[in-house]
Amino acid sequence: CQSLVSYLARETSKKNGTTAFSRHFEERAVEEGKEEASLLVGITGEVAAQLLEGRRPREPLELFLEDLEDELCTASGKQWEIYYFLLRKEDEAFYERIAIGWLLENTDLKLTDTFAKDPKLEGYMRRQTTSWALLSGRKNIGQMEQDEFIERFMPLSRQPTFERRAWEALEWFRVMDEDGSGTITVSEMLNCMLVSEDLLQAVIRHRLFVGTLAGGPRSVQLTVAEPDPEKEGEVQMHYAKVGTRSPVVWGLFNAQEEVTREVLLRWETFLVSVIENVPLSAELEDLDKAQHMSQLLRENQSQEWPSGLRGIFVGISSMFYAARDAGITARLIQKKDCLSAFTTALEAELRDPKGASEDPKKLQLHHQKVANLAMAHSFISRLLHDDAWLYFRRSWQMGQSSFIATWSLGVFLNGKRKDGNQATATAGAFTRVRSRLDEAVDAVEHMEDEEQNKQHNWARRLSAALRFSARVRRSHSSSTMD
């Protein structure tokens, strides 16, 4: 706890923050004239699931956060109030998607350079642009007139008002209409888009970005946009309790030995069983943890993993680390090239584990690396269409600021995008750690009453945004993404 307190005290004491977050909170504190500060703690994963379902008591968590609050106040010399909130796995995936969508559109991806160097990528963009923008021309197939163009391109604009978005779309039309014919062809559109970083990012974000692939020590998940137009803004999440530590925990890998090809095949066979919802293969039934693995497969039968998915997918967390080991991060790469890179990296690790057997830490990293590369290869090869593209990244740059695609960034962005007046914070959205559940209701309501006329109260706006977005997604009435 002490190291966490030291970190929080150090980070929150910075007066001239270099990130968008630190500047934002500094401005809010000045505007509100408050000496106190609030720290919002999100609880996720299996812990959140157990708390939400009542399988784990809240008291130990709240006692820990109470101690953290006391020590943070002492270390920083400032009065802090800690609130926590619980996120289901589906909500966590939803906010991760918001974060990634924003990062795709606003950070420096150097897409114009990438497209200029990769003819296959330019060909992919040509096909996608043709099918999206031009094949449904009202008067001339393959050409788009001004009113159609503005209608389709307005959603790509980042301008804050309807009028400005329409004006920017009109300017794009005028630039693209090279021959002054009053219509836009595929070639004219691509000539402009491929030299415009902003347009390329907007098209990828709004039209081509389909989903995310993520994993960790104990889980793997695929999140895709809900294809039903009536459920716009929702996501579909496919999840399995299989991760980079699973092969060792279940005895597929010997914890004391390097991975051989035969052992790797057992892990890959189990992954296929997870994805294709089939029983445990006969060759794995003799393992000590075979009963546990069979139980996991039975639990997994309730969901059906998709296949043949098209579009652009972003790989984060363990998928990023697999791509890093394969040397394919921070660039768009086609599925077959991605799989080839994973195979090459996996073969290299099997041939030369770099003395892993002589060092327990190196051996653990060897096991995780092999498990992760195989897991990434198995899921990508079976879930995505051959025409799909991938982009793996962990740290995203925007000017001098650096961001990581996490649910917390998504919550932050969602809070900034929503007007707190659109919804009332429901009691319990944020729980004050010095109160129990009944007292937390009064604490949140009291905070609401005091700050009702302040548009910039961050906790209130975040709470309202969380509840508003959840209600909107349940009613399927509108999107919380944009």
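Which residues in H13 meet Leu 346, Glu 347, Leu 350 and Arg 351 in H16? Select Arg 261, Leu 264 and Glu 268 in H13. To meet means to have heavy atoms within 4.5 Å, the cut-off for contact.

Some ground rules. This is a predicted model, where local features need pLDDT of at least 70 and side-chain atom pairs count only at pLDDT 80 or more, while totals for chains, interfaces and linings use all residues. Residues are numbered from 1 along each chain as its sequence is written, and side-chain values use heavy atoms, with hydrogens and water left out. Helices (H or I, at least four residues) and strands (E, at least two) are DSSP runs, numbered from the N terminus.

**Stop 1: H13 and H16**

Show residues 261-276 for helix H13 and residues 335-351 for helix H16. Their axes are 11 Å apart, at an angle of about 140°. Axes are lines fitted to C-alpha atoms, for helices over the stretch in contact; angles run from 0 to 180 degrees between N-to-C directions. That angle makes H13 oblique to H16. Under 35 degrees counts as roughly parallel, over 145 as roughly antiparallel, 65 to 115 as roughly perpendicular, and the rest as oblique.

**Stop 2: the six-stranded sheet**

Colour the strands in the order S7-S6-S5-S8-S10-S9. They form an open sheet with mixed pairing. Two strands pair if DSSP finds at least two bridges between them. At the edges are S7 (235-240) and S9 (333-334), each pairing on one side only. Zoom in on S9 and S10 (residues 389-392): they are antiparallel, over two bridges. Pick Ile 333; its bridge partner in S10 is Leu 390.

**Stop 3: helices across the sheet**

H15 lies across S5 (209-215), S6 (220-225), S8 (312-315) and S10, at about 85° to S5.

**Stop 4: S1 and S2**

Select S1 (residues 37-43) with S2; seven bridges join these parallel strands. Click Ser 38 to find its bridge partner in S2, Glu 81. S2 spans residues 80-86, and six of its seven residues are buried, so the strand is largely enclosed by the rest of the structure. Buried means under 20% relative accessible area, exposed over 50%, partly exposed in between (1.4 Å probe, protein chains only).

**Stop 5: Glu 105**

Finish in helix H5 (residues 89-106), at Glu 105. Is Glu 105 buried or exposed? Glu 105 is buried, at 9% relative accessible area. Beyond neighbours within four places in sequence, its contacts include Arg 158, Arg 205 and His 206.
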